[in-house]
Amino acid sequence: MNLFQRFRYTVEADIHHLFDKKEQKNPIAMLNQYIREAEKQTEQTGKLLERQGQLKEKLEQEFKENAELLAKRESQLALATTSGEQDLIDFATDEVTAYTARNHTLQASIEASTREYFELERKFETMKHKIKDMKVRQLQLMGKENVTRAHHQMDGMIAKNNKTNFEDLEAYIDKLAYQIDKDHEVTTFEARLAELEKKAAEESSPLLIENK
């Protein structure tokens with residue numbers, strides 16, 4: 001193994017190690033990357049499939065044109081044979097032989113192209129299903145991550161060592177309620193005392209007038 005190959009393998013190993021670490025830290029981000037790459041490859045496969053279909057159509061067109069020329073040469077060979085002109089017979093015979101051979105070649109190519117087209121089409125559909133499956137998995141992971149985050153936040157709110165947990169809030173509310181009750185109680189007492197003072201003042205007022 002030469003130095004360049006070692007360097008290339010080392011770089012590839014480092015990249016794979018980096019991706020492995022990244023996947024452990026953020027699997028959803030890596031899944032998103034996989035989906036983007038799969039969509040890109042699927043798009044390229046779709047273009048190849050389209051190209052294969054076009055090539056198949058061209059072969060079929062060539063076969064059609066060749067078959068027409070073969071039929072024409074066979075008819076001409078029959079006429080040449082009837083005329084007895086050997087040079088025309090030889091020419092027409094060579095032509096029929098060439099078009100017949102090309103006909104077989106084109107037919108075999110069309111059959112092979114058709115098989116290859118259907119194979120590409122099947123794989124193309126499989127790739128599209130795989131992408132759909134990955135997107136479903138993506139939604140599942142996103143939902144799981146969201147639930148995990150929600151649980152984490154709620155657990156943090158409820159935890160005893162959290163300053164904003166529900167127990168502290170309940171205690172704070174109870175303290176406020178107690179203070180309000182005490183303030184109301186003091187206010188009520190003050191109002192009653194003021195009422196007594198008022199009555200006492202009213203009752204003492206006639207006595208002061210009589211004494212005068």
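## Overall layout

Helices here are DSSP runs of H or I at least four residues in length, numbered from the N terminus. With that in hand, the elements of this predicted model read α-α-α-α from the N terminus on. That makes four helices and zero strands.

As for burial, the protein has 212 residues, and buried ones make up 15% of them.

## Helix α2 and what follows

Helix α2 covers residues 27–83, which is 57 residues. From its first C-alpha to its last it reaches 82 Å, close to the 84 Å expected at 1.5 Å a residue.

Just after α2 comes G84, and this glycine takes a positive phi of about 80°. Helix α3 then takes in residues 86–158.

Side chains of opposite charge can pair when their charged atoms come close. The count of salt bridges in this model comes to six. One of them joins the side chains of E39 and K135, at 2.8 Å from N to O. Because E39 sits in helix α2 and K135 in helix α3, this pair ties together parts that are 96 residues apart in sequence.

How exposed are the two partners? E39 is partly exposed, with a relative accessible area of 31%, and K135 also counts as partly exposed, at 34%.

R122 is partly exposed at 47% relative accessible area, and E119 is partly exposed at 35%.

E125 and K128 form another salt bridge, with their closest N and O atoms 3.1 Å apart. Both lie in helix α3, three residues apart, again about one turn of the helix. E125 counts as partly exposed at 33% relative accessibility, and K128 is partly exposed too, with 34%.

## A negative surface patch

Which residues form the negative surface patch? E85, D87, D90 and D94 do. D94 has its place in helix α3.

Is D94 buried or exposed? D94 is exposed, because its relative accessible area is 52% and the cut-off for exposed is over 50%.

Definitions and conventions
Residues numbered from 1 in each chain as written. Predicted model: local features only at pLDDT ≥ 70, side-chain atom pairs only at ≥ 80, totals over all residues. Heavy atoms only, no water. Patch = residues over 30% accessible without salt bridge, like charges linked within 9 Å, V, L, I, M, F, W, Y side chains within 5 Å. Areas by Shrake-Rupley, 256 points an atom, 1.4 Å probe, with all protein chains shown as cover. Salt bridge = Lys/Arg side-chain N within 4 Å of Asp/Glu carboxyl O. Lys, Arg positive; Asp, Glu negative; His and termini not counted. Charge placed at Lys NZ, Arg CZ, Asp CG, Glu CD. Helix = DSSP H or I, 4+ residues; strand = E, 2+ residues; numbered from the N terminus. Buried < 20%, exposed > 50% of the residue type's maximum accessible area, 1.4 Å probe, protein only. Expected span 1.5 Å × (residues − 1).
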